[in-house]
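Take the structure below one piece at a time.

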Amino acid sequence: MPSDRTGRRRRARAGTWSAVTALALAVAGLATTPASAADVNNARNAGFESGLANWTCTAASGTTVSSPVHSGSSALKATPAGQDNAQCTQSVTVKPNSTYTLSGWVQGGYTYLGVTGTGTTDVSTWTPDTASWKQLSTTFTTGASTTSVTVYTHGWYGQAAYYADDISVYGPDGGGGGDPAPTVPAAPAGLTVADTTSSSVSLSWSAVSGATGYNVYRNGAKVTAVTGTSATVTGLAASTSYSFQVTAANSAGESAKSGTVTATTAATGGGGGGGGGSLPKHAVTGYWQNFNNGAKVQKISDVPAAYDIIAVAFADATTTPGAVSFSLDSAGLGGYTVDQFKADIKAKQAAGKKVVISIGGQNGTVSVSDSASAANFANSVYSLMQTYGFDGVDIDLENGLNATYMTQALRSLASKAGSSLIITMAPQTIDMQSTSNSYFQTALNIKDILTVVNMQYYNSGSMLGCDGKVYSQGTVDFLTALACIQLEGGLAPSQVGLGLPASTSGAGSGYVSPTVVNNALDCLSKGTGCGTFKPSKTYPDLRGAMTWSTNWDASSGNAWSNAVGAHVHAMP
């Protein structure tokens, strides 16, 4: 959110002859050796268990780490820089005129997996940020004279570090030596119920060495398969008891089932909006800066009435995993005292406004990655709500999040704070490109208690719209085509807002005039003011808009809130 944010296995296939053919050849005195040997993984040091042996990484971008790992005890970590996409390569020996499956497990920032020098068509695949291990896979065919190819991984310039593990180039043995075939993994341990709602149960378990995926069973029947160590089973009946087991799997087969856990879904209740019923139908959110970065310094009382939700930026990480704290920057804010701050929050609330504490920002390092850190997060945020009078929390984590445990944390917070809790989110554009992304998953997981998602339509570059076309930031089409993904991906229109910078100083790129914001709001809510992209239907309940920040808005004479605020509040 700060203005300097810069965006952007296989099946062993032995040659099999029929018994009749083998017998006939034996009678004829001919050898019965199969025509081809079993397929193998031709990549060497595929799991990075021997450091970077057999791999070459650009500059000093690559290293190996002991956590996180997909299997074994080591994985690759590669960190892009401004002019370095952190590429790591390996030359792999292959056979001509042969088909291979290239796959690997990745986590972290943008990650690409590909191959060059195939002699036919070079291929690659990629994924945006992912907080848990995800498998990438593609196939390629070698040319008539191809005996080696170059396999590569890389991230994207200036983006977060990525992790890679268990790279496989599976197919005919090229003769260069590779890693051994896997064995059937052990049964998972540590299966626990992480969360329940009236229609879902969230599970988590411990990783199993050598596993490439996991199968989840409900009452003895398989209901889903996942690649990570957590899953949410949906479509359940309220107030009903279910039993669950998990198995681990890889190309060698499936493990025995884990121990059984039982969970009872909650009674039917909760409708959605997370305190949204006490907000106007169409609302404006603004981030208030608890620091001086050149924008106009404000007290909470200085924030214009056009803002319905004020997000205080930001809480601070602590040495306790998942826990956060808050310290008012009194010196940087001209002597603003804690007592004044608290009194100003109460005054805003008396005027019908909401004030939430924002977690994250560009430099936010809060990590909620297990049940303990989820509990720490919920307890510490609730403590801040009691101390300062905050109405809720804003999730602005720009370095990834774990959907399972953030869901657990926010539901725990909701159980403490009650139905008036405000929960807002401010993901980056890449975080909401697909419902499989962790941010999007989290929003859907807490849909019944979620107030609004104000995606940041800036510091982004080009992105895909819901129609599969590429749109460039800074246009009405960028706002409407990307918002469509959320609106059609499961969020209620009342849970979708458009996040834009208040001025050109508020972001590195992506500023649009208030007129463009208002046109996008009209396009989505009533079908007017559209660019070339026109949504297939309108969304009259669209929540509204957000800006970074109230301070940059004030620096520009409140031009943004005067124009957009009035327009949002005039929406029918």
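Buried means under 20% relative accessible area, exposed means over 50%, and partly exposed lies in between, with a 1.4 Å probe and protein chains only. Helices (H or I, at least four residues) and strands (E, at least two) are DSSP runs, numbered from the N terminus. This is a predicted model, in which local features need pLDDT of at least 70, side-chain atom pairs count only at pLDDT 80 or more, and totals for chains, interfaces and linings use all residues. Residues are numbered from 1 along each chain as its sequence is written, and side-chain values use heavy atoms, leaving out hydrogens and water.

Begin with strand β8, residues 123–127. Val 123, Thr 125 and Thr 127 point to one face and are buried.

The partner of β8 is β7 (residues 111–116), antiparallel over 5 bridges. Two strands pair if DSSP finds at least two bridges between them. Thr 111 stands opposite Thr 127. The hairpin has 6 residues between its strands, and Gly 117 takes a positive phi near 75°.

Asn 437 sits in the loop between β26 (422–425) and α5 (438–445). Asn 437 counts as buried because its relative accessibility is 5%. Beyond its neighbours within four places in sequence, Asn 437 is in contact (heavy atoms within 4.5 Å) with Pro 128, Ile 430, Asp 431 and Met 432. A polar atom of the Asn 437 side chain lies 3.4 Å from the backbone oxygen of Asp 431.

Next comes an open sheet. Its 3 strands run in the order β12-β13-β16, with antiparallel pairing. The edge strands, β12 (192–196) and β16 (230–233), each pair on one side only. Between β12 and β13 (residues 201–204) there are 4 bridges, and Asp 195 stands opposite Ser 202.

Finish in the nonpolar core: buried Ala, Val, Leu, Ile, Met, Phe, Trp, Tyr and Cys residues joined through side-chain atoms within 4.5 Å. The largest has 98 residues, among which Phe 341 and Phe 377 touch the most other members. Helix α6 (residues 476–488) gives the most to this core, with 9 residues. A second, separate core has 25 residues, including Ala 46, Phe 48, Ala 78 and Cys 88.

Methods
A polar contact is a pair of N or O atoms within 3.5 Å; within protein, one must be able to donate a hydrogen and the other to accept it, and residues adjacent in sequence count only if both atoms are side-chain atoms.
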